Every structure is written in structure tokens, then in C-alpha cells.
Amino acid sequence: MALWMEAGSEPKTESEIADLEAIAALKESAALEFKEKGNQYVKSGKKHYADAIDCYTKAINQKALRDSENSVIYANRAHVNLLLGNYRRALMDAEEAIKLCPTNIKAIYRAAKASLSLDLLGEARSYCETGLERDPNNEELKKLARQIDAQNLEHEHIEAQVSKAVATAKHLVSAIESRGLRIGKAVFQELTGLKKPVLDSNNILHWPVLLLYAEVMSSDFIEDFCETDMFTAHLDTMFSESCPPLPWDKENNYTREAIELYYEAILAGSGVCLPKAKLLPYLLEGTAGSQVESIGDDDKDVTEWSYDGNSSGKGSSKWIKVNEKRTLHDVLKEPNLLIPGIPVFYVVSKRSSFFYKKFRDGKWSLP
């Protein structure tokens, strides 16, 4: 009997030939039955999709059908995989269907749809063009082509936004480096959010500045402190007589003539400046470029900086008083000042005598 023939051997007798033809007919019948059963499972709803895939796979494995028929089954399995969100498998099945029958429009459509779902826009566009060449009036392909065009435009728009954000961040880094400023790890983002400096068209930096009232750990925020502004300009406005007292300042200690401004000096051997490879991602936080993984080779070979103690800062205290008639730029350039993401200054009042002395003596620290 043909069932006992060795693999690769040719049937020699009419009986063997008849047996093989009968086996082929049985396998073909089984394949068609599995195909039809798969179709019924698809119509029965999502909970039967796995059964449908199993039936289509069994039909293919019979290896009994013509290429055009197998192409239909592969395309059907691609359809179910699309419904299940198995886009990579759907694309593989659709591509196999196209190999077996290049005119299978449903397979071409499903290859395009799977490619679009995988964000393979070039491949999706190619499949759509191929399908429309064969069937110019196919409305499903036309609709899919419009979706691909829309997604291409969206990608181009996002890429433009990312490029602009990265270029802006790089210009900021250059501006910071050229001024000799040092940026450390952001410390008070729960108060400031993702605010960052802005470089205007005249190459002037505008900083968001945080003011902390050390005595009560309350805060104020200056949205736009131009680097060329003196501190007096902002303090005169914030503490003018026309402004109401701070809600927690019951004794009215924090008046314009009573307040002083300080920054925290970096003591010898402490404080690490962000290298460019970390500064760029920090400046990109909250922008379209925040997910960029690599930003060029110029981010490499950057060493970290720490203050060596050889500064012009007076006294042993880590709190350095700000000369209010200086500009923000001049203060930020101090060699013992490390900007914690954005500039932070501490407001104390000479009228709060006990706390004022404690602060000036360097006996107060952040809680």
C-alpha cells in the first residue's frame, strides 16, 4: 500500500497511485473542512478566535490545497490575528498569502493594515499602492491610504517638534556653558514643576527663580527673572507697601527693609555639576524631546565638576548673602554656587532675631 512507501519514492503500481490519490483527496477534504470550520468560529465571536486560528493552521498543515486556496487561508488567519491585535503575526500571514497569490487583494489590505498598526508606514504605503494598482476602486484601501497619509503627517509634525526641542535645549546648554554656570540635580521640582530657563532672541537667559522663606519653609516663585535684572527690581515689587503682607507673617517681619537674600554655597568636596549628557535630558523634560534616547556624539567625554573650596565666598557659613544690586547673571557665576536645576534663594528677616542669628551662624539646614 502507498502508506508504507518510503519517503521520496515514486508510486509504481496503479494501486499505489490510487492510494496516493485517495490520501490526497482525504487531506484536501480535511483542509477545506478545517477552513470552513475556522470561518464559522470567526463568525461566532471573539471568544472563538483562537479556535479559528487553530483550524486555519490545521488546514495549512494538510499541504493539500493549491497556492491560491492556501493564500486565502493565510489571509483569513491574518484577519483573525488583526482582530486579536497580533499585528506582527498578522503581517507575516498576509505576506505569506501574497507570496502564494500576488493578486489576493484581501491579503494586501491586511498586510497594509498590520503594517500601519506596527507603525511601519513605508511598508503600509507600499502595500496600499500595490493594492490600488490592482483594484483602483477599492474603498477600503483608499480609506487606509488616507489614514496612512494622516499618520505620516502626524509623525512629521512630531519629528519637527522633537528637532526644535532638542535644538533649543542644545542652545541652552551652550549658553549655560559660555557663561560658566553650573547646573546640579533638580531639588525642588515638587514646588517648581518642570520650569526651565529660556534663551530669548537676543541671547539673554530668563530664569524661573524659587524663593524659600527658610523660617517657615514657605515659597514664592518668580516666573521670569531676566539674567540682566538686579535683585532689587524684583524684591522692590514683591515687597512694596502696596502689596499685602505674607499670609503667615502675622508680626509683619518680612518687609522690604527687613529681608535679606542668601544662596547655599557649595562646600569644598561637595556638589556635582551635571555633565552635558545629563543636562540635555533634564532641559528636555516636559518637551516634545523628552523621550529622545540619544542626542549626538557631542554628549560624550564630559567630566563631572565639584567645587574645590577656592572661592571668593566670605566666612565659613554655607549661606552666602546676596548683594541685591548685583544682577542674577553675576550671582549665578559665583564659583561656589551650584544651581539646583533652577536658581534657589533663601529669604530671611533681620526682625526674626532668633532665627536670623541661627541662620547666619550656619546652624540651620533644610529639613
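Me: Which strands do the four bridges join, and do they run parallel or antiparallel?
Reply: Two strands pair if DSSP finds at least two bridges between them. Here four bridges join strand β2 (residues 205–213) to β6, and the two run parallel. Tyrosine 213 stands opposite valine 347 in β6. Helices (H or I, at least four residues) and strands (E, at least two) are DSSP runs, numbered from the N terminus. This is a predicted model: local features need pLDDT of at least 70, side-chain atom pairs count only at pLDDT 80 or more, and totals for chains, interfaces and linings use all residues. Residues are numbered from 1 along each chain as its sequence is written, and side-chain values use heavy atoms, with hydrogens and water left out.

Me: How does strand β4 run with β6, parallel or antiparallel?
Reply: Antiparallel, with four bridges between β4 (residues 259–264) and β6. Glutamate 260 stands opposite valine 348 in β6.

Me: Are the faces of β6 covered or exposed?
Reply: In a regular strand the side chains alternate between the two faces of the sheet. Both faces of β6 are covered. Val344, Tyr346 and Val348 are buried on one side, and Phe345, Val347 and Ser349 on the other. Buried means under 20% relative accessible area, exposed over 50%, partly exposed in between (1.4 Å probe, protein chains only).

Me: Which element gives the largest share of the lining of the second largest pocket?
Reply: Helix α7 does, with four residues.
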